[in-house]
Amino acid sequence: YIPFSTGPRQCVGQKYGLFEILCIMGSLLSRFSFSLPTKDINAIVEEELYTIEPKNLNVIVTLRQH
């Protein structure tokens, strides 16, 4: 994973950071529902960065009923 670098000088907190992301995402996904509106999503590809950057992305977040 590029943000943590690779090799002998990679980030010492890489495993902790990835574990923290998993915990937060699990907590959010268990408490909220996420959906996309019915309209089309416009996404462009940044050729230099090799990432997809969504434009005008709206997410509908609703509290889950237990």
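**Exercise 1.** Why does Leu29 count as partly exposed?

*Solution.* Start with the place: Leu29 lies in helix H1. Next, take its relative accessibility, which is 44%. Buried means under 20% relative accessible area, exposed over 50%, and partly exposed in between (1.4 Å probe, protein chains only). Leu29 therefore counts as partly exposed at 44%.

The model is predicted: local features need pLDDT of at least 70, side-chain atom pairs count only at pLDDT 80 or more, and totals for chains, interfaces and linings use all residues. Residues are numbered from 1 along each chain as its sequence is written, and side-chain values use heavy atoms, leaving out hydrogens and water.

**Exercise 2.** Describe the order of the elements.

*Solution.* Then read from the N terminus, where the order is α-β-β-β-β.

**Exercise 3.** Place Leu28 in the fold.

*Solution.* Leu28 is in helix H1. With 34% relative accessibility, Leu28 counts as partly exposed. Now look along the chain: Leu63 is 35 residues away from Leu28 in sequence, and their C-alpha atoms are 9.8 Å apart.

**Exercise 4.** What share of the 66 residues of the protein counts as buried?

*Solution.* The share is 5% of the 66 residues.

**Exercise 5.** Among contacts between residues at least 6 apart in sequence, what share joins residues at least 24 apart?

*Solution.* Contact means heavy atoms within 4.5 Å. Of the contacts described, 43% join residues at least 24 apart.

Technical notes:
Helix = DSSP H or I, 4+ residues; strand = E, 2+ residues; numbered from the N terminus.
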